[in-house]
Structure formats: structure tokens, C-alpha cells
Amino acid sequence: IPLKTYPKITFKLTIKGVNEMNFRIESKESFKIIGLKGNSVEEDGCDKLWSRFMKSYNERLWKNGINYYKPPFWQVGAYMYGTSDCIIGAELGDKLILDSMDIETIPAATWAVFTITSASGSIEAGEAYTRITTEWFPTSTYKRNENVPQLEVYPDGNANSNDYQWEIWMPILNK
């Protein structure tokens with residue numbers, strides 16, 4: 001004889017939005033990033049791509065009296081929307097193009113800049129992206145500009161410290 005059972009009815013209450021999200025709106029003209037272009041899938045993840053950058057490119061961007069690292073971008077990773085392509089490096093500005101380094105032009109855009117306090121690459125980074133896409137965008141007057149890469153900006157300091165402050169620059173358009 002076929003039988004049926006029904007689980008006991010329960011309720012689950014979830015309260016969201018109790019943790020603040022620190023952000024500001026910035027507009028920036030087009031600029032160029034100099035560094036290492038790559039594909040995180042081909043590199044077997046972003047961590048390996050960053051490791052390759054740190055071993056082979058980082059020192060060249062601040063040695064010999066020429067420092068490419070400067071505010072607001074310092075060390076920056078630009079991640080193209082809808083792909084695994086990215087470039088890691090520094091803003092080129094008026095500096096020389098170094099041999100064997102890649103160049104990527106970032107178009108003029110308006111950005112929502114979120115300040116994250118955590119060690120870079122920590123679990124909080126993933127949570128920050130989740131909160132931006134599931135909490136901030138739906139309640140803001142903006143949508144993601146899919147024609148411009150999002151940026152991760154890492155200023156000078158100890159990126160392994162839990163008190164380290166870095167930024168996610170999310171390109172935006174008015175809804």
C-alpha cells in the first residue's frame with residue numbers, strides 16, 4: 001500500500017542587512033594597467049596567477065627608482081565581466097612601458113568602491129562579493145556595468161593581516 005508522510009511544519013527567520021557596507025562613488029577617466037595578463041581558468045585559479053605576478057612582475061614595478069604603485073590603485077587586479085580574463089599590475093600613468101609586460105586599457109567609468117577589512121584572499125573576500133551582488137545592488141539605484149572590469153585594489157601594508165583594508169571597485173550604471 002503506498003503511504004505518505006509530511007514533515008513537521010517549521011519556520012525559519014533570517015535577518016539580513018544588519019552589517020554595514022562601507023562604500024563611496026568614484027568617477028575615473030580611462031586609464032591603463034601595466035602588468036601580467038592571464039586567464040584564471042588556464043592558470044588553475046586566481047591565486048596561482050597572483051603568485052606568478054608576485055614572483056616575476058611585482059619587483060619590476062617598484063625597483064630602480066621608478067615606482068608604478070601609487071594611489072588610488074597601488075596593486076590592482078582587473079577582472080573582465082563574464083570571462084576568466086584579468087590583468088594584475090599597477091596604473092601605468094605617464095611611466096615607461098616595461099619590456100614583456102602587458103597593457104590593458106580600462107574605460108572611463110563610475111564605480112561603487114567598497115572598503116573591505118580582512119586579509120586579502122580570505123573568506124571575507126567571497127562574502128563581500130556575495131553581499132555586493134545579493135544585498136547592495138538590489139537595494140541601490142545602480143546596476144553592474146558589464147562593459148567595464150571590476151577591480152580589486154591592494155594598498156601598501158600587510159595583506160595577510162586581518163586588519164588590512166583593501167577595496168573592490170565595482171563599475172556601475174544608473175538603473
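Predicted model: local features only at pLDDT ≥ 70, side-chain atom pairs only at ≥ 80, totals over all residues.
Biologist: What makes cysteine 86 buried?

Modeller: The cut-off for buried is under 20% relative accessible area. Cysteine 86 has 3%, so cysteine 86 is buried.

Biologist: Which residues of α1 are buried?

Modeller: Leu49, Trp50 and Phe53 are the buried residues of α1.

Biologist: How do you know that they are on the same side of α1?

Modeller: Their arc around the axis is only 100°, which puts them on the same side of α1. An α-helix has 3.6 residues a turn, so residues three or four places apart point the same way.

Biologist: What does the face turned away from the buried side carry?

Modeller: The exposed residues Asp47 and Lys55 are on that face of α1. The buried residues of α1 pack against β2, β3 (75-79), β4 and β8 (150-154).

Biologist: What is phenylalanine 53 in contact with, leaving aside its neighbours within four places in sequence?

Modeller: Contact means heavy atoms within 4.5 Å. Phenylalanine 53 has Leu36, Asn58, Leu61, Tyr69, Gln75, Ile88 and Gly89 as such contacts.

Biologist: Which residues have the most contacts inside the largest nonpolar core?

Modeller: Phe53, Leu61, Phe114 and Ile168 do, in a core of 32 residues. Two or more residues come from each of β2 (31-39), α1 (46-56), β4 (85-91), β6 (109-117), α2 (123-139) and β9 (165-174). With six residues, α2 gives the most to this core.

Biologist: Which residues does the second, separate core include?

Modeller: Ile33, Val76, Val113 and Trp169 are among its 15 residues.

Biologist: Why is isoleucine 33 called buried?

Modeller: The value has to be under 20%. Isoleucine 33 has a relative accessible area of 0%, so isoleucine 33 is buried. Isoleucine 33 is in strand β2. Not counting residues up to four places away in sequence, isoleucine 33 touches residues including Val76, Ala78, Ile87, Asp102 and Ile106. Phenylalanine 73 is 40 residues away along the chain, with 9.5 Å between its C-alpha atom and that of isoleucine 33.

Biologist: Why is β3 called largely enclosed by the rest of the structure?

Modeller: Five of the five residues of β3 are buried, so β3 is largely enclosed. Gln75, Gly77 and Tyr79 cover one side, Val76 and Ala78 the other, and all are buried.

Biologist: What makes β3 and β8 a pair?

Modeller: Pairing requires at least two bridges. β3 and β8 have five, in the antiparallel sense. Glutamine 75 stands opposite tyrosine 154 in β8.

Biologist: How many bridges join β3 to β4?

Modeller: Four bridges join them, and the two strands run antiparallel. Valine 76 has glycine 89 of β4 as its bridge partner. The hairpin of β3 and β4 has five residues between the strands, and glycine 82 there takes a positive phi near 75°.

Biologist: Glutamate 91 lies in strand β4. Is glutamate 91 exposed or buried?

Modeller: Glutamate 91 is buried, because its relative accessible area is 8% and the limit is 20%.

Biologist: What makes the link from glutamate 91 to lysine 28 a polar contact?

Modeller: The cut-off for a pair of N or O atoms is 3.5 Å. The side chains of glutamate 91 and lysine 28 make theirs at 3.4 Å. Leaving aside neighbours within four places, glutamate 91 also has contacts including Phe31, Tyr68, Pro72 and Phe73.

Biologist: Why is methionine 21 called partly exposed?

Modeller: Buried would need under 20%. Methionine 21 has 22%, so methionine 21 is partly exposed. Methionine 21 is in the segment before β1 (23-28). Not counting residues up to four places away, methionine 21 touches Phe114, Arg131, Ile132, Glu135 and Trp136. Arginine 131 lies 110 residues away along the chain, yet the two C-alpha atoms are separated by 8.6 Å.

Note on methods
Residues numbered from 1 in each chain as written. Heavy atoms only, no water. Core = buried A, V, L, I, M, F, W, Y, C linked by side-chain atoms within 4.5 Å. Buried < 20%, exposed > 50% of the residue type's maximum accessible area, 1.4 Å probe, protein only. Arc of directions from axis to C-beta. Polar contact = N/O pair within 3.5 Å; in protein donor to acceptor, adjacent residues only side chain to side chain.
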